Amino acid sequence: MNDRIAVIGAGQMGNGIAHVFAQSGFPVTIIDVSAAALAKGVATIEKNLDRQLKKGSIDAATQSATLARIGTHTELAAVAECTVIIEAATENVGLKFDIFSKLDALAADGSILASNTSSISITQIAARTRRPEQVIGMHFMNPVPVMQLVEVIRGIATSDATTERTVALAKAVGKTPCEANDFPGFIANRILMPMINEAFYCLMEGVGTAESIDTVMKLGMNHPMGPLTLADFIGLDTCVAILDVLHKGIGDPKYRACPLLRKYVDAGWLGRKSGRGVYTYATA
Ligand SMILES: NC(=O)c1ccc[n+]([C@@H]2O[C@H](COP(=O)([O-])OP(=O)(O)OC[C@H]3O[C@@H](n4cnc5c(N)ncnc54)[C@H](O)[C@@H]3O)[C@@H](O)[C@H]2O)c1
């Protein structure tokens with residue numbers, strides 16, 4: 001595959017996606033409106049590659065070749081040279097619509113326009129372009145270098161050719177693609193977010209402390225981490241954004257975000273990425 005990849009957004013997901021594509025031999029341009037986010041994203045990739053080197057899962061040559069394949073840009077126009085564009089900007093409907101309408105004007109003919117959205121309708125995002133057949137959901141899991149799954153979501157107009165190319169790309173970076181239909185939250189977050197939300201209700205109502213809620217789910221259900229720890233990993237702002245999409249899209253009050261979860265976000269307690277969420281972390 002001779003694809004050149006653009007990743008839009010250098011946050012937790014964007015830098016992970018750039019990492020796995022670059023490590024698999026693809027040239028990658030990361031684009032973010034914030035130069036500080038780009039610097040932080042590249043620093044995270046360097047730190048994660050160092051960890052892989054120390055563990056012996058990559059050698060020094062792979063580490064330096066991976067970094068050499070990554071470039072950064074603050075202008076969306078940099079997508080013009082790329083054949084695959086993966087948008088991983090903040091989970092906000094208006095923002096994604098705006099990015100995709102700009103991509104339609106800037107991206108080369110025939111390029112894949114993928115979104116890593118956790119919940120927003122691929123059909124609606126695609127409708128912001130004049131090429132909905134090339135728009136698809138490519139939903140990586142966090143942390144991207146570690147997690148095996150890529151949920152592949154077809155919008156109503158996504159072509160078979162776009163789906164086949166996306167499935168092949170996921171396999172080319174060592175992941176396992178799994179197709180989902182375009183309904184709010186797709187498969188992963190339709191099931192995960194109500195559990196995380198319920199954990200926040202348990203915390204708010206004093207059913208248990210954060211530690212006891214997480215311990216019950218870890219030891220009782222054999223989950224690798226508790227739902228509140230996982231929410232901090234995902235980002236509490238992202239959890240609220242996904243629940244809002246589920247609530248609005250499906251209309252069932254069971255998806256209404258827990259007031260305590262919203263309060264944490266209002267306080268700027270966004271989880272690991274801000275240094276504090278349900279728990280506190282040494283580094284932001
Ligand atoms: N966090 C998770 O566990 C997770 C998992 C799967 C998918 N996702 C999805 O991935 C996307 C990104 O999530 P994240 O956790 O990396 O968020 P994040 O807050 O860590 O990063 C978002 C980045 O987008 C950048 N950005 C904002 N507007 C932009 C624009 N117009 N152009 C370019 N960059 C812009 C921000 O500067 C920031 O660096 C969201 O759609 C989210 O739902 C998140």
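Two strands pair if DSSP finds at least two bridges between them. Helices (H or I, at least four residues) and strands (E, at least two) are DSSP runs, numbered from the N terminus. The model is predicted: local features need pLDDT of at least 70 and side-chain atom pairs count only at pLDDT 80 or more, while totals for chains, interfaces and linings use all residues. Residues are numbered from 1 along each chain as its sequence is written.

Within the pair, T29 stands opposite G71 of strand 3.

Seven residues from domain 1 and nine residues from domain 2 make the contact, where contact requires C-beta atoms, placed from the backbone, within 7 Å. The side of domain 1 that touches domain 2 has one nonpolar, five polar and one charged residues. In these classes Ala, Val, Leu, Ile, Met, Phe, Trp, Tyr, Cys and Pro count as nonpolar, Asp, Glu, Lys and Arg as charged, and the others, Gly among them, as polar.

**The ligand**

Next, select the 28 residues around the ligand, taking a residue as near if its C-beta atom, placed from the backbone, lies within 6 Å. G9, G11, M13, S118 and N142 come nearest. Helix 1 (12–23), helix 4 (93–106) and strand 6 (135–140) each give two or more residues to this shell, and helix 1 gives the most, with three. By class the shell holds 12 nonpolar, 13 polar and three charged residues. Domain 1 and domain 2 each supply at least three of its residues.

**Helices 8 and 9**

Finish at helix 8 (residues 210–221) and helix 9 (residues 227–234), whose axes come within 7 Å and cross at roughly 100 degrees. Axes are lines fitted to C-alpha atoms, for helices over the stretch in contact, and angles run from 0 to 180 degrees between N-to-C directions. The two helices are therefore roughly perpendicular, the term for angles of 65 to 115 degrees. Show A210, I213, D214 and M217 of helix 8 with P227, L228 and T229 of helix 9, which make the contact. Five of these residues are nonpolar, one is polar and one is charged.

Definitions and conventions. Parallel < 35°, antiparallel > 145°, perpendicular 65-115°, else oblique. Contact = placed C-beta atoms within 7 Å. Domains from an automatic or database assignment.
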